[in-house]
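Dear colleague,

Here is the structure I said I would pass on. My notes on what was found in it follow below.

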Amino acid sequence: MECLTPDQIEQYREDGCLVLDGHLPDDILQDIRSEIARFEDEARGMTASNDRLDLEDSHTTDTPRLRRIKLPHMISDIFRSLMYSDHILAPARDLIGPDLRLHTSKLNMKSAGYGAAVEWHQDYAFYPHTNDDILAIGVIIDDMESENGPLMVYPGSHKGPVYDHHVDGVFAGAFVPEEVGLNPADAIELKGPAGSISIHHGRIIHGSALNTSDRSRRILFYEMMAADAFPIMGSMTKWDGIKDYDTRMLCGTPTINPRLKDIPVRIPQPQPDVPISIYEIQKGLKTRVFETIS
Ligand SMILES: O=C(O)CCC(=O)C(=O)O
């Protein structure tokens with residue numbers, strides 16, 4: 001193992017999640033924060049979301065509100081080099097092996113006072129693959145506590161069903177845990193000081209509430225999978241042939257031999273006619289668990 005203990009690996013296998021406290025050095029954290037400030041400046045002049053930045057519904061040029069930096073590894077050397085570093089890849093290799101491909105990256109801002117909620121969902125419902133060696137590493141940029149909208153998960157749910165995330169036959173990117181018999185009291189918060197990382201399994205049920213506190217809760221996700229996990233047709237994974245797919249290799253050796261696992265799969269189709277963003281897709285829900293503000 002490169003950085004995880006046998007106990008941590010066992011905990012991940014059992015619960016489908018893990019937090020590594022104080023994992024990143026301070027200088028990297030400072031670089032991340034400065035880089036975010038640069039994108040906040042960019043958002044100030046914008047009137048609508050674009051392919052780099054996703055704005056809160058309540059954003060105006062007078063009160064700029066940035067919800068997400070999209071694909072940060074594509075638009076920032078800082079986020080790109082962190083992605084290839086052992087800080088991110090060593091724990092992932094310990095959990096799902098040496099050959100890894102990137103699925104996507106995103107930096108969710110969840111600003112003080114209004115940062116948007118993300119309704120309960122499983123990432124695997126958005127992007128089913130031939131196997132589920134899929135995980136998200138979350139770089140915790142601000143102390144993540146109960147009051148500022150921490151990531152929450154149902155431990156162990158990565159071993160259960162992949163739930164229906166459709167509403168009236170259209171993919172809506174979320175479901176209501178209570179409606180499928182889950183007890184809200186079983187959900188836990190993944191908390192940790194800035195500089196920690198969270199790890200969650202691609203099938204674990206997770207979500208997070210509106211941030212009504214006076215502190216931001218920013219988290220940078222790198223979502224990745226074993227190189228032999230191939231997207232199933234209809235998945236939201238962008239796929240432009242094997243050459244393109246191989247450009248996503250983060251480490252190790254690519255393959256054209258998918259490994260198959262018997263997982264109950266539901267294809268996230270048809271898609272709603274909205275921009276590809278979890279916040280927009282989840283607007284198709286009829287019932288929301290978390291509060292929203294306009
Ligand atoms: O930022 C969060 O709390 C949750 C994010 C998430 O699950 C997602 O963006 O898919």
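**A bridge, a sheet and a ligand**

Histidine 121 has histidine 206 in β12 as its bridge partner. Please keep in mind that this is a predicted model. The two strands concerned, β5 and β12 (residues 206-208), pair in the antiparallel sense over 2 bridges.

This pairing is part of an open sheet of 4 strands, in the order β5-β12-β7-β10, with antiparallel pairing. At the edges lie β5 (118-121) and β10 (188-190), each of which pairs on one side only. From one strand to the next, the twist averages 30°.

The sheet leads on to the ligand. Around the ligand are Lys106, Asn108, Val118, Leu151, His206, Ser208, Ile219 and Ile278. By type, the shell divides into 4 nonpolar residues, 3 polar and 1 charged.

**Methionine 236**

I also looked at one position in a loop. Methionine 236 sits between β13 (219-226) and α7 (241-246). Is methionine 236 buried or exposed? Methionine 236 has 22 C-beta neighbours inside 10 Å, and the cut-off for a buried residue is 20 or more, so methionine 236 counts as buried.

Leaving aside residues up to four places away in sequence, methionine 236 touches Phe126, Tyr127 and Pro268. Glutamine 269 is 33 residues from methionine 236 in sequence, while their C-alpha atoms are 8.9 Å apart in space.

**The protein as a whole**

The protein has 8 helices and 14 strands. Its C-alpha trace spans about 50 × 45 × 40 Å along the principal axes. For 294 residues, a compact globule would have a radius of gyration near 19 Å; the value for the protein is 18 Å, which agrees.

Of the 294 residues, 43% are buried. Among the contacts with a separation of 6 or more, 84% are between residues 24 or more positions apart.

Those are the notes; the sequence and structure are above.

Best regards

How values were computed: Residues are numbered from 1 along each chain as its sequence is written. This is a predicted model: local features need pLDDT of at least 70, side-chain atom pairs count only at pLDDT 80 or more; totals for chains, interfaces and linings use all residues. Two strands pair if DSSP finds at least two bridges between them. Axes are lines fitted to C-alpha atoms, for helices over the stretch in contact, and angles run from 0 to 180 degrees between N-to-C directions. A residue is near a molecule or strand if its C-beta atom, placed from the backbone, lies within 6 Å of it. Ala, Val, Leu, Ile, Met, Phe, Trp, Tyr, Cys and Pro count as nonpolar, Asp, Glu, Lys and Arg as charged, and the others, Gly among them, as polar. A residue is buried if 20 or more other C-beta atoms lie within 10 Å of its own, exposed if 12 or fewer, and partly exposed in between; C-beta atoms are placed from the backbone. Two residues are in contact if their C-beta atoms, placed from the backbone, lie within 7 Å. The radius of gyration is taken over C-alpha atoms; the globule rule is 2.2 Å times the number of residues to the power 0.38.
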